[in-house]
Amino acid sequence: MTQQRKWTAIPGLLVLAIGAVVLSAYSGASSSQGSAPDQPIAFPHPKHAASVEKGGLGLNCLYCHNNANRSADVGMPAVNTCMGCHQSVMGTTAAGKAEIQKLWKYADVANMGKNARPVPWVRIHKVPEYVHFPHVRHVNAGVTCQTCHGQVQGMPKVYQAASLNMGWCVNCHVNGYDPKEGMKAAGYDTVTPARYAGGVPYGTAGSVAGIMTAQVSAISRDTEARVHSAATPSSERRRARYDCAACHY
Amino acid sequence: MATMVPPREERVLRQNVPSASNRLPGVKNYAQVDREIVGTLRPTLGWFALLGTAILCLLIGISTWMYQIHEGLGAAGYHPPVMWGVYIVTFVFWVGIGHAGTLISAILYLFRAGFRTTIYRASEAMTVFAVMTAGLFPILHLGRPWKFFWLIPYPNWRLIWPNPKSPLVWDVFAILTYLTVSATFFFIGLIPDIAVLRDQEKNPIRKRIYAALALGWRNSDNEWRHFTRAYLFLAAFATPLVLSVHSVVSFDFAMALTPGWHATIFPPYFVAGAIFSGIGMVFTIIIPLRKFFKLEHYVTINDLDAAAKLCLFTSMVVGLAYLTEFQVAWMSGNRVEQEYFWNRVFGQWTWAAWIMLICNMVLPLSLFSQKLRRNTSWLFALSIFINIGMWFERFVIVIPSLSHEFEPWQWGGYHPTWVDYNILLGSFGWFFMWFLLFIRQLPVMAIAEIKEIVQPRWRRHHDDSHDLDVQVIDPTLTLGDD
Amino acid sequence: MTNDTESKGVKRRDFLKVLGVAGATVGTVGCSSEKVGKLIPYVVHPDQTISGVSTYYASTCRECAAGCGIIAETRDGRTTKLEGNPEHPLNKGALCARGQSSLQGLYNPDRFRGPMMKQNAAWKAIEWDTALALVSQKLGEARSRGTAANSVFVNQHETGSFPGFLDTWLAGAGMKPHLSVDFEADGAAIEANRRAYGASWPKLSFTDAKLIVSFGADFLETWGMSVPQQLDFADARAKIEGAPRFIYIGPRRSLTGLNADQWIACKPGTELAIANALAGNGSIADAAAKSGVAADVLTRLQQELAAAKPALVLSGVSSANALDVATAVAAINKASGAVGTTIKTSEGTTAFDGISSYAELVAAVERMRAGQVPVAFVRGVNPAYNLPAAAKFADAFAKVPFKVSFSLYPDETTELCDLVLPDLHSLESWGDADAGKGTVSMQQPAMDPVFTGTRATADVLIQLAQKDPNTASKYPQKDYRSWLIGRFPGGTSAFTAAVQKGVVAGSVAARTSTAAPAGTAAPQPIEQTPGDLFLVTYHSSVLGDGRGANKPWLQELPDPVTKVLWSSWVEIHPQTATARGIERGDIVEVTTASGKVRAPAYLYLGIRPDTIAVAVGQGHSSVAQLDAWDGKNEKTHPVQWGYGRYARNLGARAHDLLAPGANGAGGLVLTGTRASLAKTGDTEILVSTEGSARQHGRGIAQAVPIAELLKPESREHAKEEKVPGAPTGAFLPGLRSPVAADAQGDLGSPTAEDKGKDKGMYAANHWSGMARRRWAMTIDLARCTGCSACVTACYAENNIPTVGAAWQNATVYAEAKPGFNVTRGREMNWLRLERYFEGANEGEWTEDFEARFVPMLCQHCGNAPCEPVCPVYATYHAPDGLNVQVYNRCVGTRYCSNNCPYKVRYFNWFGYGEPDRKQYAFPSPLDWQLNPDVTVRTKGVMEKCTFCVQRIREAETRVKSEGRDLVADEFTTACAQACPSRAIVFGDAADPTWSVAGQVDDRRAYHVFEELNTYTAVVYLKKVTHAPAIPARA
Amino acid sequence: MQGVIGAFVELDSTVHAIEELKKRNFREITIYSPAPRHELEEAVAAGPSKVRRFTLIGGLMGLSFGYWIPIWISDYWPLVVGGKPVASWVPYTIIGFELMVLIGSLSTVAGMFALARIPRLTLTVGYDPRFSHSDYGVWVAAGPDRSLEASDVLRRNGAVEVRNER
C-alpha cells in the first residue's frame, strides 16, 4: 500500500472549468457572422459590382443602394431600377436567364407591371434595433462599403462578413478607421490610383464611377495616393466618438 | 516528518482546558459526543413534514418569481418614487441574519469565547444559507434579472465593464466574497466532522458521499496542524469581512443623497443591527434545535445567557443609532431631513417605525433581567420579535426615505402586493429548506471542537488536578466499540 | 424590419414596401441574436422621399376651431410628429397638447376601417358602392316625398371652404344649410362681439393691454383660440416692465385663473352684477351683495380699470346671462379705449363665423322628435354625448328613419345611426382654413389614408352628387382637391406652392352667419334650482368637450389644474369638504334636477366653498353597454362603441347634470343649476400625479415680485427666496464647462487651473470636439402657464408609453382599474408639470393664493447623482453635457431613480413597448406613430428625458453632410418647439451665440436644489408676481 | 510503506508513546486524533504551519488585483459619472479589501489543502475509523527490522491494539 496523490487532478479540473467559462463568455457572443441565406433571386453581385478587369460591370454600389450617402438607411433598389436594364438584358447563361425571369415575375411584365410586387430580399446585415447606425455618417466619412460588408463584389452569394457585434464596432471607433485598409478592401490596391480624381469611394476599384467627386471630400486626394505607401500613422486614422450615446439613444 | 526533539524525562501531562467539565458537565467523553450528535441525523416524520412545508413555500416563491419575470416588476408593489421595496428590505434582512453566524464562528473564535463552541456550527450554517438567500434578492429585484451578470467584471465581446464606483458593484464583490468565504469557512470546519460521519456511516451510498465530502481527512497530526492554522487565518479574515460586508451594504444607502439614507452613521449602525438580528435568528434556530435534538447539555443555559447579553448589548447599540439619527436630523437645520424624520416617526410611516422601535429597542431591555435571560421560552419569543423588528428596521430605512424625498410633488406611498409577499415567503422556504437539510445530514454541532474541550481519557490521575472532574475510564468502551 | 404581421384592415400601403435597412427603430432592448427579417424595396421609387429621412408637410390642425398651422413630420410614409408651423400667423410654430394628439386620432386603433351599416341591430361592413347607393336612394325618397328640405346635416364647426362647399351641396340636394356646431365655442361672446364690434372674433392683444380682466374667459384653455392667445399672453407677461396685471373673476379658478395675479371669486351667475357695476350701470354695493365679493375689492377693481388704459376685459362666463355679461364687458372695453388697441376688430378671424348655436341644434332635435326629419347626417359632432341628458337626444334621433354618420370613431351618436361612411382624418385629407385676416392656411394630407376603406366626406359628397343626374353637372371635379384648386387663385401651380408653405395670402369664403338664434326659453334662475351648492361645469382643457377622450396621450395628460387623469372628479373646497366629512378620493354623488353623477372628490383651493365643479369630457359609454376593453375582446367586439377603448366607461358624464335651456345667444348653459352633494361611502385612490401640492420651502418654483425686478439694484435681490443651505449661486461655470462641473476638478473646470490630466474625450480640444458643447435649457416661469403642451409633445417625440388604461396592470390577481398604474405613481411623463400652491392655509377659504407651475424634467446635472450609482454605466455623462441613459445596458436596479433628487427617472414596470403584451401602449396602428429615431423601451429598463438626443444627432449628421457647423438655435427639443408660451429655450450654453446662453445669465435664473451641487443644465427663470398697483386690503 | 499502527484510548499514553518513539529515532510518525490536542502537537513538535505564507501572498495578490481591476476598467473606457474622477482610488479600496479577503482566504485554504495533502482519494495505510471517534492512533514507519521494536514501544505505553501494516 502506498500513499496516493491523485488530489492534484482536482485543481487542474478547476482551472479547466474557469477557462471554459471565460471562453464561453467570448463565444457566447457568436453573431450570425457568415450567414448566407437564400435570396428570392440569386442576385450575382460579382456580375454587377466587380470591376471590369474582373469580369464585372463595375457598377457603383450607390447605383442601386442609393441612399447610403444621404440617409441612415441605405435603401434597396426599387424593382423598376432593376428593370431599367433588365428589360433588355436577358442574361447569357441558362441559370442567369431563369433568375431574370423571376425578376420579371416580380415586375409583372406580363401585365405591364399592374401587379408588380417588391422583391422580398432576405436581410443579412442587421444591428440590433437599439443601435442607431447612420450609413450617411460612415459613408461620407470615407468608410468603404467593404469595410463592414466584406467584398460583396466578389460574393456569388452574399454573406455576413463581419460579426457586427459591439466590440467590432468599438474597435474601429476607438482605434480609428484606416483609410488604407478600407481602400484595399475595396480593391484599390490592384489598380493605379491615378485613375481616380480623389473623393469618397462608393464602389469597387474599376467600377465605372468608383469615386464620387461631387461629394464633400472626406478623404483628401493624397490619402488616395498614400494607399500604396507604408503603414498609416495613427493620427490619420479616422476615429469617431465612442461614448455610448453616439449610437444608443 | 516528525523532527527530532531532545530526549527528556517523561513529562507529566496536565489538562489545560479548565472550563471543559464545568462548561459542559453533561458531556462525559468522546464517544458520547459522537453518539449524541451523530444521533441527531436520523430523519423523522416531523422533519419531513417541515422540509415539505419549506419546499412548498419555496415553490410558491419560485413560481411567483417566474410570473414576475414574465409580467415585469410592475406585478410587485412598487410605487415610484419608492423604487426599492420588499426585496431590498429582505435582502438587507438576510445579509444581516448572516452576520451573527460569522460573528459567532470567527470573532468569538478569535476572542476565545467559551459559549461559541456549541452554537457556532448551526450559526455558521445559518450564515451561509442566509447569505445564499440574500444573494438572490438583488437579482430578483432587477428589472431584467437575466442580465444580472453584467454586474460582474468578466471579459466580454462588448468590451464593456461594470462601473466600479457604484455601491452595487461593491455589493457584488462584498456579497460574493462573503458568500465564498463563509461557505469555505463553514466547509473547512465541517471536514473533520464529516470524517466522523464517514467513519460511522453504514449505508454504503451515504458513506461514499461523506467520504467524498471529507476529502480524505484522516485526523493526522499534519492535517490538524495546518487545519488549525488555516482555520485561525480564515477567522482572522472573516472578522474584518463581516464588518465590511454590512458596511458595504449600508453604503448602498449612505452613498445616496436621499434624506434618511445619506448618513455617516450607517456602517456601524448596520453592522450592529446585523449582529443583533443575527443573534435573534440564532435564538430562533438554536432554542428549538436543542430542545428537539435533546442537546440541552451541549447548548447550556449559560451559553444562552451569554448570547442574550450580547443580544442586549447590540440592541442598545442599535437603539443608540436610532436616537442618533433623530438627533442629527433635529440638529442639522436641514428642513428636508427634519421633515423626513418627522414623517417617519409621526407621519405616514408611524406604524412601521414604532414596530421597529418597540421590537428592537424596548423589548430587548427585558434581558437586563437574569431570570428572563435564562428563560428559553422568553428568549424564543423575543427572538421572533427581533426578527420582525429588524425586518421593519430595514423597511423603515428603505421605504419611508424614498417616499419622502426632496421633490414634494413626487411624494408617494407603498403597498406591497401578493407577489412581494410570496417571494418573501419563498425566501424563508429557501432558507429553511437548506437549514432543515443541514440539520439532518450534517452535524449541527462541531464534533471535533466539542471533543477539544471535553476531557480526554487519561491513564493516570494527577495529583494537582484536584479542581477537575477527572474522568474515569468507561470499561464498556473498548476498541471496536460502535 | 420584419413585416410578417399585418393587421386586418390595414392596407399594405406603398410606403410599407419601402422599409429598408434599419428602417423603423421600433425595437426592443435585448441582446439576443436578431430575427432576420425581410428587406422590402419599393416597386417604383417615389421622387421626393429618401427612406430614413423625414419629409415635412405643412398642413392645418383641426382639433379645435382655431385651425393652427402644423408641420407633419413624415418618415417613410408615416406621419410621426406634428409641430407648429413657424410661418403660420396664428400659432407661430407652437402647438397645444390637443394638436399634438391629433396623431392619435389619425392612428386611433378604434377608427372605422370602412363603411358599415346597421342591420337588425347588428353592424356589418359594406362596400362603398352599396353605401353610396343607399344614401342616394334615401335622399331620393325624401326628395320624392318633398321632405328633403327637412333633412338635417350636423357638421363639426370648422373654418375654411368646406362649410360653404357643404351648403352648396346640400342646396343641390334640396336641403337646408347645415348646422355648424362647436360645443366648445362661446356663443355668447361671439354674439356680443358681433353686436359690439361687428366681427365675430376680433384679434385680442394682450401685449398692448395695461390690465387684463377675465370674467370666466379661460383664454388659455378652451375659450377662443388658445394657442395664439397664450403666445400673446406670455409675451405680455414676460415684458416685465409694463407687463399687464391679470385679474380673474369667477367662482372657480381655472388654469387661466391660476395664471392670474388676483382672483375675485364671485358666486356663479353674478358676474353680470360686477360687470354692470364696472360699466357704470349698477352700484358696487349691489354687485358686492349679489356676488359675495367684498365691496372694497370691487372698488379697487374699478379704480384699477380706470387707471390702466387700455385694458383688456374678456367675458367667457357660462351662465344663463352670458350674453348680458359679454355685452356689459364690451361696454367696459369701449370705455377703457380697448377697441382698436387691445381689441383689434379689423384683424380678427373668421374662424367663428357661421357657427350655429346650441339652440338651433335643440330645435333640430325637436324636429326630429316630431318625426319631421327624413334623413340626418352627422359629421365630426357627437350630440348624443354632448347634449345635456335633459335634451333627450337619443329618443328624438331614433325617430329619424335614416341616419348617416361620417364619424371616424365609434362614438355615441354613430352608434345610433344606420350607416357609417367613415371620413378621413384631417391629416389624410385636403382643405383650407382661415388663418386670420388676409391669410389662408392650407390643409394637405401628410400621408396616404391609414385605412383604405375610409374616404373624405367631401369626396363622398362629390361622388354622391355625380351619381345624381340633377347635380352631376355641377361637380365636374374628380374630388375635393380638384374643387379646391379650381377655386384657388392661380390654379394648380399656385396651389402647390401654397401647400408647400402652409399659409398663403388670401381669404377663404367664410360662411356667413346662419339665421339669428330663435328666442329660446329663459332657463330657470340658478338660485331657484334645487340643491345647496352651485354647480359649475366646464370644458376640460385637455379633453375639450369630450372629443379628446379617445386619445391615450390626452387621457394620460394630467388636467393642468387638478392633475387628475383617466377619470372624472368633483372639485370641492376643502372647507366644504371638511364640513361634510368628505376626503380626497371619496366617491360623492352630485344630484341636480336633471340627473346624477358619481365621481371621486378632489379638494381644491380655487373654488368657492358654496360651489362645486365637474369637468366635461369623460363619461363616454356605449348604448350596447360594452364593458371596458380588456385587451382581448377586439375579436368579439370589432367596433369599440362608446368612443373607443380608451374613452369607454371612464369617469362620469357631466352633461347628465346640466339644466336644459340656453343663454341669450342660444348657447349651452354650463353653469345654470345648483346641486346637492352626498357622500356615497365608497372611496378610491384619486388617479392623480399630484404628490404634495406644497413646496415645503424647498425653492422648486421660485418667484420674484415685479417691484424687485424693477428696482435698479435688483441683482442683489434676485436671490430673495432662501432655500436651505443655498450657495451663492455660482452655477454658471458648470453650465459653461465642457465637462460640466466636476467636483474634484480632475477633469478641469473653466475656473480651475488645468491640472494637466488627460481628459480624454471630455477635453475641449479633443479630436471629437464633443466637449465643446454643453446642451442646456432655460425655462421661464414668468411665461409658463402650465398648459402642458410640452408634456404631450414629449410623449409624441420620444415614444413614451401611456400606462393608465385599465388593462395595463398585471395579469394575475391585479386590479383592472383605469389609471391604476398612475395611482401607483408609475406614469412615464419624462417631462411633468408640477403645480404648487403658495399661500392659503390648508382648509382655509381665501381667494389670495398663488399657483406656480414648474415643468420638471431631467436636469442633466453636471454632477449627476444618478450616474455613479449605476453599476453598469447605463447612465453616464456625455462630453456634450448630456446625462445619457443607455436603455440596452440598463439592468433595472433603479438605484439611479432613488438617487435622483428631482425624481425624473421613469421605469418600465411592464412591457409597455412589447406588442405581444396586454400592457402594450401602442396597439396597431398607434405604433405607426412611433418615432423611428428613438428606441422603444422594453420592460425592466429605466428611461428619462434625453434632451431629445435624437434631434441633436440628426442635426449633427445633417451639418456633417452639408460640411458646415451647427448654427445657433438651429434645432430645438420637442417640448421647446411645442411650447405655446415660448417658455422653454434649448441650446448650447457654451456657445454665446445660442439664445440659451444669454438666458442663463438672466437675473431671474436659478437652479432647483442648487444646494445639492448638482450643477444642473436646466435653468429656471423665476416667476414674476404682480402685486396690485393699488394696495390690497390690510 | 511498512509500519506499525497502535491505537490508544488515553491521551497521556499516546504522548508518552510518541516521545519514546522519537527517542528511539523513529522518524516517520503520524498521529491520529479525534480532535486537535496541543499535547500531541507538543509531543510531535513540528514547526509552525506554512499556511501563513499562502495567506500573506494570497492577501497581497488580492489587494493589488482588487485595486488594479477597477482602475483598469475605469481607464479602459473613461466615462465620467457624477463629475467624479475617472479612476478614483478611494472607493476602490472597498474592492481591494474584498478581493484581499477573498483571494487571501482561498489561498489559505489552497495552502492548507496543499500542505495537508487533501483532498485525497484514498485513506492511507494505518488509518482506522476509530481515530475519528474517540481513540488516538500512532503510526510509525518501520521496516521489518524495526517493527517489533515499534510494536513493543507502543504496547508498553498503553496501546490497546497494535497492528503491522503494509
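In which sense do strand 1 of chain A and strand 1 of chain C pair, and over how many bridges? I looked this up at the outset and found strand 1 (residues 121-122) of chain A antiparallel to strand 1 of chain C, with 2 bridges. I took strands as DSSP runs of E of at least two residues and helices as runs of H or I of at least four, numbered from the N terminus. Strands count as paired if DSSP finds at least two bridges between them. Within this pair, V122(A) lies opposite K38(C).

I note that the model is predicted: local features need pLDDT of at least 70 and side-chain atom pairs pLDDT 80 or more, whereas totals for chains, interfaces and linings use all residues. Residues are numbered from 1 along each chain as its sequence is written, and chains are lettered from A and ligands numbered from 1 in the order in which they are written.

**Chains A and C**

I next examined the contact, in which residues touch if their C-beta atoms, placed from the backbone, lie within 7 Å. Chain C contributes 48 residues and chain A 42. On the chain C side, strand 1 (38-39) and helix 28 (949-961) each supply at least two residues; helix 28 gives the most, with 6. I sorted the chain C side into 24 nonpolar, 18 polar and 6 charged residues. Here Ala, Val, Leu, Ile, Met, Phe, Trp, Tyr, Cys and Pro are nonpolar, Asp, Glu, Lys and Arg charged, and the others, Gly among them, polar.

**Chains B and D**

I then turned to helix 8 (residues 221-254) of chain B and helix 4 (residues 89-116) of chain D, whose axes come within 9 Å and cross at roughly 165°. Axes are lines fitted to C-alpha atoms over the stretch in contact, with angles from 0 to 180 degrees between N-to-C directions. The two helices are therefore roughly antiparallel, a term for angles over 145 degrees. Among the residues that meet are F233(B) and F237(B) from helix 8 of chain B, and V101(D) and M112(D) from helix 4 of chain D. I recorded 14 nonpolar, 7 polar and 2 charged residues in this helix contact.

Chain B has 16 helices and 0 strands. Its C-alpha atoms fill a box of roughly 85 × 55 × 50 Å along the principal axes.

**A sheet in chain C**

Finally, I traced an open sheet of 4 strands in chain C, ordered 35-28-37-36 with mixed pairing. Strand 28 (residues 775-780) runs antiparallel to strand 35 through 5 bridges, and W775(C) stands opposite D988(C).

Conventions:
Contact = placed C-beta atoms within 7 Å. Parallel < 35°, antiparallel > 145°, perpendicular 65-115°, else oblique.
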